[in-house]
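Dear colleague,

I am passing on the structure below, followed by notes on what was found in it. Please read the notes with the coordinates open beside you.

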Amino acid sequence: MHLLHCFSTIEKYLISTFPSLSSSTPKSRAKKRKKKVYSQMGSSTIFLLFLLTIAFPHQNPNFLVRADSTLIQNTCKNTKYYGLCVSSLKSVPTSKNADTKGLAVIMVGIGMANATATSSYLSSQLISSSTTETNLKKVLKECADKYGYAGDALQASVQDLGSESYDYAYMHITAAADYPNACHNAFKRYPGLAYPPELARREEGLKHICDVALGIIDNFSG
């Protein structure tokens, strides 16, 4: 199993997280949409494609080991959200060929995709909001930044995992899970602004993903 294949499978997962792409789309149309997603995600996508290289620059053979779903299930049993853990990891084919540390890297990558997508979503809402909604624009801008910071923190955790600095990885993932709170609190500063249900769903999703990643790290850092 080569890292190039790992990049390919993670890439496919990232594209699948954007609603503009569908697994049922014909190949020719999928390629066009894939190109569009790349332009939207920019440098974040490039980093995600090299996620495993950054974490494992020496291609340690112990990272890519043949495993079956049993490893995923046993690993996920030690996390707060077993169902989310199993379904998320199984959605990425590379997980079947990764050890426990590799599963943590993949889960962090899923969190990065989530944070990046949410930041982009908030930026699009900012553009489409009325010019008279000054307070809303301020909050949307702040929230977009916070989710961007969450993605940065998760990126840092990947580097920490690669250097086996597990305490720092834990700290960065915890910070990533906390950034959405700042966004939520920003809405609370303006009583007239309701917290959007879609944003609440995304907040919960990122927090749960981070919780799962922390649980996986506990499997091999203790």
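When the bonded cysteines of the protein are numbered in sequence order, they pair as 1-2, 3-4, and the count comes to 2 disulfides, a disulfide being a pair of cysteine sulfur atoms within 2.5 Å. This is a predicted model, in which local features need pLDDT of at least 70 and side-chain atom pairs count only at pLDDT 80 or more, while totals for chains, interfaces and linings use all residues. Residues are numbered from 1 along each chain as its sequence is written, and side-chain values use heavy atoms, with hydrogens and water left out.

Another disulfide joins Cys-143 to Cys-183, S to S 2.1 Å, and its torsion of about 95 degrees about the S-S bond makes it right-handed. Cys-143 belongs to helix H8 (residues 134–162) and Cys-183 to helix H9 (residues 166–188), so the pair ties together parts that are 40 residues apart in sequence; helices here are DSSP runs (H or I, at least four residues), numbered from the N terminus. Both Cys-143 and Cys-183 are buried.

Finally, Glu-203 lies in helix H10 and is buried, with a relative accessible area of 7%. Leaving aside neighbours within four places in sequence, Glu-203 is in contact with Tyr-147, Pro-180, Asn-181, His-184 and Tyr-195, contact meaning heavy atoms within 4.5 Å.

Key: Helices (H or I, at least four residues) and strands (E, at least two) are DSSP runs, numbered from the N terminus. Buried means under 20% relative accessible area, exposed over 50%, partly exposed in between (1.4 Å probe, protein chains only).
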